[in-house]
Amino acid sequence: MLEIEDLTCTYGSVVAASQVCLSVKAGEILALVGSNGAGKTSTIMATMGHVRITGGSIMLDGVDVTRLGPRHRARLGMAVVPEGRRLFADMTVDENLTVGGYTRTKPAARQARERAYALFPRLAERRRQIAGSMSGGEQQMLAIGRALMVSPKVLLIDELSLGLMPKIIDLCMETIVRLKREGIAIVLVEQNTDRALEVADAVVVLASGRVVKAGTPEMIRADDTFFQTYIGLDGGQAVRNQVEANVEQRSS
Amino acid sequence: MYYVELAVQGLIYGSMYALMALGLTLIYGLLRVLHIAHAAVFTLGAYVGVITANATGSLWIAFPAAILAAVLAGIAIYRLVYAPLLDRPPLVPLIASVGLLILLEDLFRIVFGNQGIAFNENPYVYMTVTIGGLSIGVLQLAMFVGSVASLSAFAAFVAFSRTGAAWRATLGNPQMATSFGVSVAQVRYLNFAIGSAFAGLAGVLIALLNNYAEPGMGTIVSYKTLAIIVLGGLGSMRGALIGSLLLGVIESYGTVYLSGGVDRDAIAALCLIAILMFRPEGLAKRIAA
């Protein structure tokens, strides 16, 4: 469904991603993991077309989208749940979904909206609420719902769990597993590596903008030294602790 | 009753200012460019309105012609002047805009003459109607009704249409809007088209009220609308509307109570200075852009 070959992108003289190759099929979750600054977000944003690439190719469902802008990629079935949600904060939940379904016909958009509300009933309860005034968890639900309005073949998710309570993380993870079963190809960038490996079918590990390992979650976990070197000294526990500490601090 | 009449007069002028200020604030909200040359689009609307009315004898043709000319001019200004400069520091398009205003005003002077041109027939100039004991000029009433109707139609478009939602999304977060298939370029053209249409409409209304169009008629309007969008908060649509009506009313009362020392047109400048000194973020919170 999504084939990326030798993707390279730079910010000035800094190479953010270099010759990244990855492939994800329909009904599969690919976890893109690595430490801070590994090039995960740059890869996602370049795949969506927001970062200009200096080399490589991107194929979406057999169509070469390398030279197309984000709006054309959206029309071909690519959607993004960006880091930090980046909702249209001054607009209501309903209006955010309307923009999400901008490329769809009105009946298709209506159907997609009902589906988003069925997936996240809390959004339906708050459909007239301004997006910027909702909690982090509700905003993440809306970001996923907005992306689903595209009826995506490929869904790019950047930092699904960042700053969320464990209960909300569980709900979001359950949702993406459900979406995978419906046949959507998902690329999941996640700092919480343990959670990412739980749901992933395949894993690509990035370090300094390069792919240093690719395989199944079991293969990545089995290589303990590699896991500790490239992902975290204690298998992502430090990151998880940090996130949970942040959440607790906010709720107190 | 006298005070009510002053307030009504103020609201009528304020509604015209709103037409101009909304266009200016829309463009600032999306591009962060102070479109000073908006005043030249206003003047163009006035000229096309007068010329078309004189040629056809019909205001029903003059209004659409003026609006169309203003829309085309606005789009051309965006395409030829601002679009190539958007990657430059904000001062560059601002200077280009000031230069364009001077250029276009001189162009009007060269083409149409320094004295301006008048309507051959304008039977509405001295007509008045009495509403609730208040005597109001027909043209002033038309200006108020036209402004309110246009601004209401625009508000409905923004609030209830899918294109309006995409447009607001682009104001708030252009990059994410493109992720959902919205064309930022099309939204920018739409923005200039709508803002310029309002300016063209205001141009004809003011030309009708003054009974003529002249090359420098946009100059005072340009600094007044600048004062309004600063008053309302740069980029805020609600602020622009509130600022317009407020300035109209302040001017109306100021003309009477400050008549000894301050000219009507200087009141906007005083408001601008006062706002910059005491509340530089404007009176209303920014709601879009």
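Helices here are DSSP runs of H or I with at least four residues and strands are E runs of at least two, both numbered from the N terminus.

## Ground rules

This is a predicted model, where local features need pLDDT of at least 70 and side-chain atom pairs count only at pLDDT 80 or more, while totals for chains, interfaces and linings use all residues. Residues are numbered from 1 along each chain as its sequence is written, chains are lettered from A and ligands numbered from 1 in the order in which they are written, and side-chain values use heavy atoms, leaving out hydrogens and water.

## Helix H1 of chain B

B:Ala7 sits in helix H1 (residues 2-31) of chain B. Leaving aside residues up to four places away in sequence, B:Ala7 touches B:Val249 and B:Tyr253 (contact means heavy atoms within 4.5 Å).

## Two crossing helices in chain B

Helix H6 (residues 162-172) and helix H8 (residues 184-210) of chain B pack at about 100 degrees, with axes 10 Å apart. Axes are lines fitted to C-alpha atoms, for helices over the stretch in contact, and angles run from 0 to 180 degrees between N-to-C directions. H6(B) and H8(B) are therefore roughly perpendicular, the word used for angles of 65 to 115 degrees.

From H6(B), B:Thr163, B:Trp167 and B:Thr170 meet B:Val184, B:Val187, B:Leu190 and B:Asn191 of H8(B).

## Where A meets B

The contact draws on 27 residues from chain A and 20 residues from chain B. Together the chains bury about 2000 Å², 59% of it on carbon and sulfur atoms; buried area is the accessible area (1.4 Å probe) that two parts lose on being put together, summed over both.

One salt bridge is counted between chain A and chain B, meaning a side-chain nitrogen of Lys or Arg within 4 Å of a carboxyl oxygen of Asp or Glu. A:Glu95 pairs with B:Arg168 in a salt bridge, with the closest N and O atoms 3.0 Å apart.

## Salt bridges overall

Over all chains, the whole structure has twelve salt bridges. One of them joins A:Lys153 and A:Asp61, whose closest N and O atoms are 3.1 Å apart. A:Lys153 is in the loop between H6 and strand S7 (154-158) of chain A, and A:Asp61 in the loop between strand S4 (53-60) and strand S5 (63-64) of chain A, so the pair ties together parts that are 92 residues apart in sequence.

How values were computed: Parallel < 35°, antiparallel > 145°, perpendicular 65-115°, else oblique.
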